[in-house]
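Colleague: Could you show me the model and talk me through a few of its details?
Modeller: Gladly; here it is.

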Amino acid sequence: MQFTRRQFLESSLKGMAVFSAAATVPLWISKSAQAATSSLGRGKRLVILQMGGGNDGLNTVIPFQDDLYMGDSLRPNLHITSGFDTLKIDGLNALNPRLAALKTWWDKGRMAVVQNVGYPNPNLSHFTSTDYWERGMSTGSTLQTTQGWLSRYFDNQCAGMPEDQIDPLTMLGAGMAYLANAIDGSSVYRPPAVPDFDAYVLRAPEDAIGALRLDYIRRVNELAAVTPDIDFLQRSASVARASVADMEVASAMPLINAYPDGSLGTGLSMVSKVIRAGFETPVFYVTQSGYDTHANQWDTDPAQDGDHPKLLDAFAGSVNAFLSDMEASGNLDDVMVLTFSEFGRRVAENFSHGTDHGAANSLFVFGGGVKKGVYGGQPDLSDLLIGNLKHRIDFRAVYARVLQFWMGVDPVPILGTTDFGDPRFGIPESMRLIPFVGPDLLGDIDGDGDVNAADIQLTLNAALRRSTASYPTDVTGDGQTTAADIQKVTDLTLGR
Amino acid sequence: MALFDEYQVGADGPWTTAEAAHLWRRAGFGAGPAEQRDAAGNGSQAALRSAVDFLVDFTPDDPWLDRPAGLTSGGYGDPLADLPDDESDLGRVKTPYDLISLIGHWLYRMRYTRQPFQEKLTLFLHDHFVSEWAKLVPLIDPAVIAGNDGNFPDIQQCDGGTLGVDLLRANRIAARMMLDQNYLLRRQGIDSFRAMLISITRDPCMLMYLDNVVNEKGRAQENYARELMELFSMGVGNYSEQDVREVAKCLTGETLPRFVCENDWDFSYGFDAAKHEPGTKTFFGKTIQENFAGQEALDVIDFILAERSKNPDVTGLASPYNTLPATAVYMAWKLLKFFVNEELSLDPPDEAVLELAHYLRGTDNQPYPKRRFPYDFRAALRKVFLSKFFYAEENRLNQYRNPAEFVTHLLRQGDFADLFATQFGPGTQMTLMGMILFNPPGVNGWYHGRAWITSGSLVARYNYVSYLMDTIFQGAGADARIDALLAANGGPIPDADSDDDLIDYYAERLLQMDLNAEERTTLRGFLSGVDTASPALRFRQKVRGLIHVMMSMPLAQLK
């Protein structure tokens, strides 16, 4: 895909206003006002939301019709059996009562759930599994890399662009001092990581000598780079200078909705202001940690909150405030929030009021372009691998859909392939099963170029979690196999 | 053994203040000019060995720094009845009771110790055997435990006791527990790794942090068992999920059995035989017999240390490397990454990793007088600090100063002890650089190397210097502090009329390397721009400004 650079006169003019407002950074106009990477993402924005530690998907989206979940064999204390009457999102699933604030977005058609997401040979290490998700690879995958998947998206789109035309705010890690691996690893661009607005100013005495110091701090970071490490530090310093000025502008935006305390609330409130201030940043990364609930996931005293309800409170409050901000400011159609967690948790509760590391998990997608639905089928609590859910949807299939149908780029150069098949179900491309964004591709399941009974058979097998059983393909019962049968199976599969 | 052969002064290069500064940056927190000169000595092989021994052969505690009085393991009494007598800033640093003063306490040690390698090794171990403050406090916090909600089944109801429980007490208890762990790491880091693993398995903070405190028979809790093998010893790929479950069973009953809230918060370790899983356990294909006296935990650690690497890149090597234990390879890799080169590979293992693993295991058949037992980290690092590998060009200035190093390096230029426990002091500033001591971001510790450098952390680094030079140095007494800063460095105070003299003075202290012409010209340009009427004021403004600018240079972020 050819990258076309937008004429940047308007933005340059805006940049001048930016810098004149930033009293502490008087001399950095020339470099960053030329920034020109905003056509990345076609005006669409992607917010990656990490739920660090391994979120318990089964207690996040509750399969209330599943006897194994509702019964006392697996989760006698942990399972949630009430309080979700108004939070049902289809005939099988309900939101955790602590996510009540998000039901509005479901009702508005701005929310999707993808279930059974994971990867082959699940790794139960936080570190390794997080790495896989951030890089978009796993052991044995087509692509092996240490670069983040969104950093590869950047490189793929901006190859050959003069470095002084890369907008320092092309990507942003908000609410954290470290840079998430998903947006790190490009050799030409390192996104800013901003813990909060208040700390992100350059301090110096407010006099001529203070200004002189800041000027020379810039100069000593622009000398000839004699080693790769010096070069790296200079690039980081340059991004820091430019983004300090940008953040000063963003931080002046008025608050619309209040956010909960914590890194996620801080991060999303910053993203809201950056978007509302008019910066065209296409990719954001925010994080919430604490989901590693080996113990005290719930509290036996109903009057006390366990750790998981507290985390979901902060999650729902932060996401709800952010989506409300986006809606109120007219940005919601252009914003997508994609959540991820390195793994789900063990299906059976442990004996210390928690759950251990698991495998397949559910995730959420919010915002513009999202087609409301529950995708990926129901988790099968009767078919476990060492006590953990098996995956049916490769997480890279989720990325592929976002890249292709939201960001508008070919996912193959970024992910190495779009064939994230699962041979257990004979599904060549699991991204076809999860049209939470973009067109339904369900018809041609086996990828043989036409839609026929074999496709219905495969879809039924997948929906019913069977690999070998044979079902009648006349789903509508009208005596023949037609497109109407496919439509019906599609609707059933997608929970619509 | 090639890479870790001793660096030969002359044939391999010189032994000067530059090499000595490299040693001190890696083994400690940077050297002042006097330390550099002492370490360089007369430039001989003997001077090199003497410099390494001076750093490495420390006694278990720095006799110069008193361990805080009255802080002992076990029963803590009522933490509120035991406030520090000395409520001054320094008093709070010496007897920490919350996270800020706890961080200040350790920074104080890093700054004032005469045994910097001891603190550096402790930092390595803290990053390796992670426990997080943020998880401990809520566990201790009465909001969790007062109702006896079952997380700690043995806890008596506190609401009937005479001692009210509150967050203040929870903070103080957590501070003491983490301080105990910190001193455990400091003392036992130079002991055998086997002893270290046993101690940390039974460390009260660790028992709570990785949930082994609730690991009971019939209710095996695998969190600690997994991290013990994955992160603390062997590394991934060397054990199965079945091994995790069986090891967890072996560790049942390793707990805090006397944890009650009757005026005596006893968080001390004990083995509770009634909670121990009976029966044999099988892991690594071996079976151990049941034991109700805590022996199984020791067996686990011995088995772990003996278990050979399953990595085909190790097993496929020629003898003797093909029989290396997984733990030797993994720990050699972690030590070399932390102290020498972040880029070294574990999988497949680099030659340097294999060589040091071989040495750590004690299977190299080379007598070495300083090595006392297998997995002697201090002896291994002594070998590293003496080696050709350590002084090779590609291993100089190829690491990034972490926030503790960056902060301490500047604190060592003067006396800032009155700031260490203050709310906006250096400990707090470090959090914006991405490092909260006693609260790493996750069980695998901090990300190192280039991960330390982000726009946010750079801004925090620049601002930290301004904080010391401007926020602290203002109002009455500011001039005196600048003068003291210059005097505290020892040696002649730079000539107030020579900008070059001032540049040399601080380059030697802050950067510890030669400036190139372009860098020098730029710094000169800055100093010539500092123009105020009073010469005395001008000089002090130059000192403040130069430190701010110099510590913001790329070179000041490297070590």
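Colleague: How do the residues of the lining of the second largest pocket divide into nonpolar, polar and charged?
Modeller: On a 1 Å grid over the protein atoms alone, a pocket is an open set of points where a 1.4 Å probe fits, with protein on both sides within 12 Å along at least five of seven lines, and lining residues have an atom within 4 Å of a point. Ala, Val, Leu, Ile, Met, Phe, Trp, Tyr, Cys and Pro count as nonpolar, Asp, Glu, Lys and Arg as charged, and the others, Gly among them, as polar. For this pocket the lining residues come to 15 nonpolar, 6 polar and 10 charged.

Colleague: Before we go on, what kind of model is this?
Modeller: Residues are numbered from 1 along each chain as its sequence is written, chains are lettered from A and ligands numbered from 1 in the order in which they are written, and side-chain values use heavy atoms, with hydrogens and water left out. Local features need pLDDT of at least 70, side-chain atom pairs count only at pLDDT 80 or more, and totals for chains, interfaces and linings use all residues, since the model is predicted.

Colleague: Which element gives the largest share of the lining of the second largest pocket?
Modeller: Helices (H or I, at least four residues) and strands (E, at least two) are DSSP runs, numbered from the N terminus. Helix H8 (228-251) of chain A gives two or more residues to this lining, as do helix H1 (17-27), helix H2 (33-40) and helix H24 (499-511) of chain B. The largest share, 5 residues, is that of H1(B).

Colleague: Between which domains of chain B does the second largest pocket lie, and why?
Modeller: The domain bounds come from an automatic or database domain assignment. Two domains of chain B both give residues to the lining, so the pocket lies between domain 2 (327-394) and domain 3 (403-557).

Colleague: Is Asp66(A) buried or exposed?
Modeller: Asp66(A) sits in the loop between strand E2 (61-62) and helix H3 (67-70) of chain A. Leaving aside neighbours within four places in sequence, its contacts (heavy atoms within 4.5 Å) are with Pro379(A) and Leu381(A). Buried means under 20% relative accessible area, exposed over 50% and partly exposed in between, with a 1.4 Å probe and protein chains only. Because its relative accessible area is 17%, Asp66(A) is buried.

Colleague: What is the relative accessible area of Phe438(B)?
Modeller: Phe438(B) lies in the loop between helix H21 (426-432) and helix H22 (455-472) of chain B. Its phi is positive, about 70°, although Phe438(B) is not a glycine. Phe438(B) counts as buried because its relative accessible area is 1%.

Colleague: And what is the relative accessibility of Asn296(A)?
Modeller: Asn296(A) is in the loop between strand E7 (283-288) and helix H10 (307-328) of chain A. This residue other than glycine has a positive phi, near 55°. Asn296(A) is buried, its relative accessibility being 4%.

Colleague: Which residue does a cis peptide bond join to Ser319(B)?
Modeller: The residue lies in the loop between helix H15 (312-315) and helix H16 (326-339) of chain B. With omega at about 5°, the cis bond joins Ser319(B) to Pro320(B).

Colleague: How many disulfides does a search of the whole structure find?
Modeller: A disulfide is taken as a pair of cysteine sulfur atoms within 2.5 Å. Over all chains, the number found is 0.
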